[in-house]
Amino acid sequence: MLDAPRPRRRARLPQHLQPDVLAAIAVGGALGTPARYEVAQLVHVGAHGFPWATFVTNLVGAFVLGFFLTVVIERLAPTRLLRPFFAVGFLGSFTTFSTLAVETVILVKDGHVVLGIGYTLASVTAGLALAYVGIVLARLLPGGEYG
């Protein structure tokens with residue numbers, strides 16, 4: 001006797017592809033992009049000079065990411081949408097690696113090789129350092145896990 005075929009179960013999408021997570025990322029991104037634009041309007045950058053607006057934006061984003069993720073992961077009750085909304089969406093669109101890369105290429109192309117390489121190295125080094133500072137400061141906050 002043959003068993004009746006079982007109905008196929010629908011495969012569940014990985015969490016990062018679920019519609020509510022994608023929507024949270026999109027909304028965060030829609031808010032992060034104008035925030036980056038506003039920072040760029042506040043920070044004056046001269047032609048052929050050091051790209052301060054992108055540098056400042058990326059460093060602020062690195063610090064906030066380290067601080068935020070440490071607080072969310074170590075101190076708050078688990079949540080499905082907060083990290084995708086803020087860390088991936090908002091900060092992902094607030095910071096900009098692509099602009100850093102383009103500005104580096106332009107500096108090098110225009111003959112400012114040392115400045116271009118220095119900009120990239122300073123951005124990565126300072127970004128890592130500030131992310132670490134954010135983690136350390138978040139861990140110094142009073143209160144323990146979920147409290």
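The model is predicted: local features require pLDDT of at least 70, side-chain atom pairs count only at pLDDT 80 or more, and totals for chains, interfaces and linings use all residues. Residues are numbered from 1 along each chain as its sequence is written, and side-chain values use heavy atoms, with hydrogens and water left out. The protein chain has five helices and zero strands, where helices (H or I, at least four residues) and strands (E, at least two) are DSSP runs numbered from the N terminus.

**Overall fold**

- From the N terminus on, the order of elements in the protein chain is α-α-α-α-α.
- Of the 147 residues in the protein chain, 29% are buried; buried means under 20% relative accessible area, exposed over 50%, and partly exposed in between (1.4 Å probe, protein chains only).
- Among contacts (heavy atoms within 4.5 Å) in the protein chain between residues at least 6 apart in sequence, 74% join residues at least 24 apart.
- The protein chain exposes about 9,900 Å², of which carbon and sulfur atoms supply 70%; accessible areas come from the Shrake-Rupley method with a 1.4 Å probe, and for residues only the protein chains shown count as cover.

**Nonpolar cores**

- A nonpolar core is a set of buried Ala, Val, Leu, Ile, Met, Phe, Trp, Tyr and Cys residues joined through side-chain atoms within 4.5 Å.
- The largest nonpolar core has eight residues in all: V39, F68, V72, F86, A87, F90, L91 and F94.
- Helices α2 (52–75) and α3 (82–94) each supply at least two residues of this core, and α3 gives the largest share, with five residues.
- Another core, of six residues, lies apart from the largest one and includes F50, F55, L59 and L107.
- F68 is in contact with L82, R83, F86 and A87, leaving aside its neighbours within four places in sequence.
- In soluble globular proteins, nonpolar side chains tend to be buried together.

- Helix α4 (residues 97–109) has 13 residues and should span 18 Å at 1.5 Å a residue; its end C-alpha atoms are 18 Å apart, which agrees. The expected span of a helix is 1.5 Å times one less than its number of residues.
- L100, E103, T104 and L107 are buried in α4.
- Seen down the axis of α4, its buried residues fall within an arc of 105 degrees, so they line one face of the helix; the arc is that of the directions from the helix axis to the C-beta atoms.
- On the other side of α4, V105 and K109 are exposed.
- The cover over the buried residues of α4 includes α2 and α5 (113–140).
- Just after α4, G111 takes a positive phi of about 95 degrees.

**The loop residue T95**

- T95 lies in the loop between α3 and α4 and is partly exposed, with a relative accessible area of 22%.
- T95 and T54 are 41 residues apart in sequence, and their C-alpha atoms are 7.8 Å apart in space.
- Leaving aside neighbours within four places in sequence, T95 is in contact with R36, T57, N58 and G61.

**Helix α5**

- Helix α5 has 28 residues and reaches 40 Å from its first C-alpha to its last, close to the 40 Å expected at 1.5 Å a residue.
- G116, Y119, S123, G127, G134 and A138 are buried in α5, and the buried residues of this helix pack against α2 and α4.

**Salt bridges**

- A search of the whole structure finds three salt bridges, each being a side-chain nitrogen of Lys or Arg within 4 Å of a carboxyl oxygen of Asp or Glu.
- D20 forms a salt bridge with R80, with the closest N and O atoms 2.3 Å apart. D20 lies in helix α1 (residues 19–42) and R80 in the loop between α2 and α3, so the pair ties together parts that are 60 residues apart in sequence.
- D20 is partly exposed, at a relative accessible area of 33%, and R80 counts as partly exposed at 33% relative accessibility.
- E74 forms a salt bridge with R139, the closest N and O atoms being 2.6 Å apart. E74 belongs to helix α2 and R139 to helix α5, so the pair ties together parts that are 65 residues apart in sequence.
- E74 counts as partly exposed, at 29% relative accessibility.
- K109 forms a salt bridge with D110, where the closest N and O atoms are 2.9 Å apart.
- K109 is exposed, with a relative accessible area of 62%, whereas D110 is partly exposed, with 31%.
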